[in-house]
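Subject: Structure handover

Hello,

The structure we discussed is below, followed by my notes on it. Please read them with the coordinates open.

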Amino acid sequence: MKSHQLHLRSRLPRKIVRIARREGRFEVDGLNQWYHYLRDPYHLMLTVPWKGFILLVAIAYILLNTIFACLYLLGGDSLVGGRPGSFEDAFFFSVHTFASIGYGVIAPKTTYANLIVTLEAIMSLLSIAVVTGLAFARFTRPVARIMFSHRAIVAPHNGVPTLMMRAANQRRNQILEAEARLYFTRDEQTLEGQFIRRFYELPLSRHRTPSFSLTWTIMHPIDEASPLYGETPESLDQSHAQFILSLMGLDETVAYTLHARHLYSPQDLQWDHQFIDLIYKSPTGDRYLDYTHFHGTQPMGTKPM
């Protein structure tokens with residue numbers, strides 16, 4: 001029994017996934033990269049860049065027409081108007097048939113050629129449907145245009161130390177029923193001495209907004225109930241801490257649910273700093289939002305810019 005299990009285990013492909021720590025963030029090598037879907041054609045065609053998508057479609061198109069051109073040549077002199085044995089004539093006749101152009105200059109004259117035309121017509125219908133579906137799926141994929149501040153800050157807010165980060169909607173439309181979730185993860189050890197990666201969901205001062213159209217400052221009060229209570233920059237770095245901010249909501253324009261997230265490492269945290277205010281008033285009483293200093297921070301007590 002053991003030898004059979006060892007034999008089966010030896011036949012299984014051994015895959016080692018590297019989780020690297022870069023600038024305080026854990027990153028899985030190759031995560032969400034298109035070249036990792038080579039055995040999954042559907043996901044490959046959805047994730048490959050547009051240039052690669054067009055190139056793959058063009059290669060497949062040329063390859064299919066080449067195959068059908070060779071099939072026409074196998075039938076001998078089976079095409080009216082085509083030169084006998086001419087690959088060029090057979091190839092372009094295949095292109096005309098595949099695209100349903102039908103110039104009529106070259107036409108099948110044998111039963112064999114008509115059978116190949118029938119097969120190619122069926123293949124053409126299926127191929128066009130598949131490529132059209134893939135292109136539509138790529139165009140209609142919801143993409144969130146949400147900008148996150150490069151830094152997160154830890155500063156007093158209403159007398160309570162608070163972890164804060166900022167987000168902005170770059171499309172200037174409405175994201176309805178937007179919801180934010182903030183997760184804190186770090187290395188821990190159980191009482192049995194086992195290493196684990198623990199995740200905590202941090203409660204926010206306001207985790208939902210009916211409309212997210214401009215900016216949103218996400219805040220987590222660091223009180224005695226918070227997993228961050230008593231933490232320091234050094235302790236967060238030693239435990240390989242990481243913060244995951246996730247935003248989701250309904251895009252009013254296209255009625256799709258959007259998702260966006262951003263990672264913060266201990267190196268991204270600035271203690272006793274504040275975000276530079278983005279809103280200012282004009283002499284007429286109008287309010288303006290200036291995104292120039294969206295990522296900007298300054299030490300506490302500094303006069304507003």
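Glu177 sits in strand S8 (residues 175-189); helices (H or I, at least four residues) and strands (E, at least two) are DSSP runs, numbered from the N terminus. This is a predicted model, in which local features need pLDDT of at least 70 and side-chain atom pairs count only at pLDDT 80 or more, while totals for chains, interfaces and linings use all residues. Residues are numbered from 1 along each chain as its sequence is written, and side-chain values use heavy atoms, with hydrogens and water left out.

Most residues other than glycine have a negative phi. Glu177, not a glycine, has a positive phi of about 50 degrees. Its relative accessibility is 47%, so Glu177 counts as partly exposed (buried is under 20% relative accessible area, exposed over 50%, partly exposed in between, with a 1.4 Å probe and protein chains only). Asn158, in the loop between strand S6 (152-157) and strand S7 (160-169), also has a positive phi, near 55 degrees. Asn158 counts as exposed because its relative accessibility is 73%.

On the helices: H3 (residues 50-74) and H4 (residues 87-98) pack at an angle of about 120 degrees, with axes 8 Å apart. Axes are lines fitted to C-alpha atoms, for helices over the stretch in contact, and angles run from 0 to 180 degrees between N-to-C directions. H3 and H4 are therefore oblique to each other (under 35 degrees is roughly parallel, over 145 roughly antiparallel, 65 to 115 roughly perpendicular, the rest oblique). The residues of their contact (heavy atoms within 4.5 Å) divide into 14 nonpolar, 4 polar and no charged. Here Ala, Val, Leu, Ile, Met, Phe, Trp, Tyr, Cys and Pro count as nonpolar, Asp, Glu, Lys and Arg as charged, and the others, Gly among them, as polar. Tyr61 and Phe68 are among the H3 residues involved, and Phe91 and Phe98 among those of H4.

H3 also packs with helix H5 (residues 111-139), at about 175 degrees and with the axes 11 Å apart, so H3 and H5 are roughly antiparallel. That contact divides into 18 nonpolar, 2 polar and 2 charged residues.

Which elements do the buried residues of H4 pack against? They pack against H3, strand S3 (79-80), strand S4 (107-108) and H5. The buried residues of H4 include Asp89 and Ser94. Just after H4, Ser100 takes a positive phi of about 60 degrees.

For the whole chain, the secondary structure comes to 6 helices and 18 strands, and 33% of the 305 residues are buried.

Regards
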